[in-house]
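Please keep the sequence and the structure in view while reading.

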Amino acid sequence: MTTETINVPDIGGSEDVEVIEVCVAVGDTIAKEDSLVVLESDKASMEVPAPKAGKVTALKLKVGDKVSQGSAILELEVEGESAAKTDAGEKSQAPADKQADKKSSPETKTETTASKEAETKAAGAKEKPGKAASGTTERRTISVPDIGGEEPVDVIEICVSEGQEIAEGDSLIVLESDKASMEVPSPAAGKVLSLLIKVGGKATEGTPIIELEVRADKAAEPDSADDARSAPASPAPQSAVPAPVALPPRSPSLEAPVTTDEVYAGPAVRKLAREFGIDLARVPGHGPRGRILKEDVHQYVRDLVEKRGASVTAGAGILPVPEVDFAAFGEIDVQPMSKLHRLTATNMHRSWLNVPHVTQFDEVDISELEDFRQAMKQEAEARKVKLTPLPFLLKACAAALKANPKLNASLHADGEQVVFKRYVHIGIAVDTPAGLVVPVLRDVDKKGLFELAEETQLLAQKAKDRKLRPDDMQGGCFTISSLGGIGGQGFTPIVNTPEVAILGVSRLSVKPHWDGKQFVPRKMLPLALSYDHRAVNGVDGGRFLTDVGALLTDVRRLLL
Ligand code: CAO
């Protein structure tokens with residue numbers, strides 16, 4: 001039993017590549033070819049497989065570390081072998097190669113240099129041009145270099161177009177197998193004369209990508225075209241190592257392509273986009289020639305979060321409702337929401353998402369209240385007020401709020417205290433052409449029915465005339481939303497935060513009521529009390545609603 005250090009193999013010359021995943025832990029017993037780590041450069045994601053089986057005794061890197069060829073990955077306890085430093089993936093090498101590898105191990109300058117040279121050549125290693133005289137141009141076929149395997153892989157993106165001037169190193173195509181995605185950079189600058197490959201096609205080493213017109217002065221430069229042209233079919237970067245590029249599917253989202261053919265972005269950016277679940281086609285690119293950078297993706301996500309935070313249709317962590325092209329189904333008329341509408345929608349949504357709502361229902365016999373109200377109508381008219389059931393509801397709620405202080409409260413912003421209010425200000429929901437507003441009547445408990453009727457009318461009128469001042473709508477402890485003048489048998493109102501309860505009033509109806517001897521017609525008023533269950537328990541809500549019912553059933557109690 002010996003312990004070996006497993007190192008990062010030749011990764012195509014890339015240096016300071018980020019470790020994005022460590023696939024094993026200390027104590028793990030791993031099999032040969034098990035994934036050890038996943039590395040990601042701005043060009044490709046690659047998995048490093050175990051060169052042999054064994055037990056992991058120590059990890060030498062962690063997620064976020066930058067590694068290059070030769071960086072230690074882990075220590076592996078291996079049965080029956082002498083201790084050595086082993087490049088991960090060494091397993092597929094022939095013994096002779098292994099020997100060579102040791103000589104030009106990652107620590108040695110020779111191989112590092114070789115790799116760098118190889119990297120320069122890697123893209124377009126299969127060009128087959130001829131030399132051109134100075135001042136002239138030459139036509140070259142740029143082909144797929146060694147991509148670490150013989151299996152044909154998918155062409156998922158063409159990054160250039162015919163007629164385009166490109167620089168050396170610009171991405172030509174993006175290839176993707178079920179294990180990895182990788183970019184193929186151009187080995188030379190020039191003009192793209194023709195595309196020899198298309199999206200959806202398959203490519204292996206040697207598959208022609210483009211015809212490139214290269215200026216002779218550039219063509220004559222050493223280390224680029226010439227070397228590449230004369231390079232043998234088996235390119236240098238992977239010659240001493242097994243296939244380094246292999247990213248196995250880690251999740252369906254990683255596999256699922258979310259981008260379109262037009263997207264100009266590298267694999268790392270594509271991966272990032274997949275992680276965020278965004279469509280790269282929507283992301284504006286700010287790299288050279290509009291290439292999408294990681295920063296672009298981050299900015300796009302930041303903008304999206306901000307936009308969604310401000311949007312009335314989005315909720316924290318909740319998938320937005322998909323956009324629908326309504327015009328596809330018939331004629332439509334799109335109008336902007338008023339500011340008030342947007343504000344109301346935002347408030348409603350915030351309350352809906354923040355408050356655990358409970359709604360309790362009751363039906364209250366207000367026959368005697370109605371008799372009294374009818375009896376008072378003339379007097380009310382003389383005072384130029386309209387005595388609807390609303391002032392009675394205001395009075396009853398004020399009394400019930402005083403009797404049930406938990407509903408006349410707000411949760412403190414610190415989440416640790418409750419603010420009980422010694423005043424009773426009640427808001428009334430008023431429907432206006434511009435939207436819903438909630439003016440607040442102050443000290444309802446101290447006011448009489450006519451005064452409340454008059455004030456309600458005034459505030460409702462101000463609301464409809466859009467003359468409410470901000471302070472007319474502040475300081476509410478509780479809200480009444482009355483749809484009694486409109487109809488309906490009941491509804492579940494949304495708490496007007498930071499208040500903790502709201503009463504929804506529907507239209508009264510005459511119903512048969514058993515009085516012990518016979519059925520008698522009674523005027524029944526449907527009530528619905530919604531409350532914030534963090535502040536109000538069912539018992540509190542039930543007591544409050546019962547109190548309101550008792551006060552409305554026998555209005556004399558309002559005097560007590
Ligand atoms: N059952 C039966 N009739 C009722 C009733 C009830 N619960 N409540 C009111 N009515 C009657 C009134 O008595 C009045 O009839 P008369 O003219 O014969 O007396 C008629 O309905 C209209 O009343 P109103 O709506 O003008 O007056 P109000 O005091 O009941 O309400 C106000 C005033 C400002 C609250 C109301 O005009 C309003 O805007 N309601 C809409 C509130 C709203 O939008 N709520 C929803 C919020 S959540 O989306």
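## Overall picture

A residue is called buried when its relative accessible area is under 20%, exposed when that area is over 50%, and partly exposed in between. By that rule, 45% of the 560 residues of the chain are buried. The model is predicted. It has 12 helices and 28 strands.

The accessible surface of the chain is about 28700 Å², and carbon and sulfur atoms account for 53% of it. Among contacts between residues at least 6 apart in sequence, 63% link residues at least 24 apart.

## Confidence

Mean pLDDT for the chain is 80, with 78% of the residues at 70 or more. One is residues 89–134, where the model has 98 contacts beyond four places in sequence. The other is residues 219–261, for which the model likewise has 98 such contacts. Where pLDDT is low, predicted coordinates should not be read in detail.

## The ligand site

Which residues come nearest to the ligand? Of the 22 residues around it, they are T388, D431, S481, S506 and L508. Sorted by class, this shell has 10 nonpolar, six polar and six charged residues.

A polar atom in the side chain of S481 is 3.0 Å from a nitrogen atom of the ligand. L508 places a backbone N or O atom 3.0 Å from a ligand nitrogen atom. In the side chain of R373, an N or O atom is 3.5 Å from an oxygen atom of the ligand. The ligand taken alone exposes 950 Å², and the protein buries 72% of that area.

D445 sits in the loop between β24 (440–441) and α11. Is D445 buried or exposed? Its relative accessibility is 19%, so D445 counts as buried, the cut-off being under 20%.

The side chain of D445 makes a polar contact of 3.1 Å with the side chain of K402. Apart from neighbours within four places in sequence, D445 is in contact with K395, A398, K402 and V424.

A273 belongs to helix α6. Its relative accessible area is 0%, and A273 is therefore buried. Beyond four places in sequence, A273 touches I278, L280 and V297. V297 is 24 residues away from A273 in sequence, and the two C-alpha atoms are 6.7 Å apart.

P284 is in the loop between α6 (267–276) and α7 (294–310). With a relative accessibility of 47%, P284 counts as partly exposed, because that class runs between 20% and 50%. Leaving out residues up to four places away in sequence, P284 touches D296 and Y300. P284 and D296 are separated by 12 residues in sequence and by 6.7 Å from C-alpha to C-alpha.

## Backbone geometry

Most residues other than glycine have a negative phi, and most peptide bonds are trans.

The peptide bond between T497 and P498 is cis, with omega of about 5 degrees. P498 lies in the loop between β25 and β26 (501–505).

D16, which is not a glycine, has a positive phi of about 50 degrees. This residue is in the loop between β1 (2–7) and β2 (17–22). At 53% relative accessibility D16 counts as exposed, because the cut-off is over 50%. R466 also has a positive phi, near 55 degrees, and is a residue other than glycine. R466 is found in the loop between α11 and β25. With a relative accessible area of 67%, R466 is exposed.

Methods. Residues are numbered from 1 along each chain as its sequence is written. Side-chain values use heavy atoms; hydrogens and water are left out. A residue is near a molecule or strand if one of its heavy atoms lies within 4 Å of it. A polar contact is a pair of N or O atoms within 3.5 Å; within protein, one must be able to donate a hydrogen and the other to accept it, and residues adjacent in sequence count only if both atoms are side-chain atoms. Accessible areas come from the Shrake-Rupley method with a 1.4 Å probe; for residues, only the protein chains shown count as cover. Ala, Val, Leu, Ile, Met, Phe, Trp, Tyr, Cys and Pro count as nonpolar, Asp, Glu, Lys and Arg as charged, and the others, Gly among them, as polar. Helices (H or I, at least four residues) and strands (E, at least two) are DSSP runs, numbered from the N terminus. Buried means under 20% relative accessible area, exposed over 50%, partly exposed in between (1.4 Å probe, protein chains only). Contact means heavy atoms within 4.5 Å. pLDDT is the predictor's confidence in each residue, from 0 to 100.
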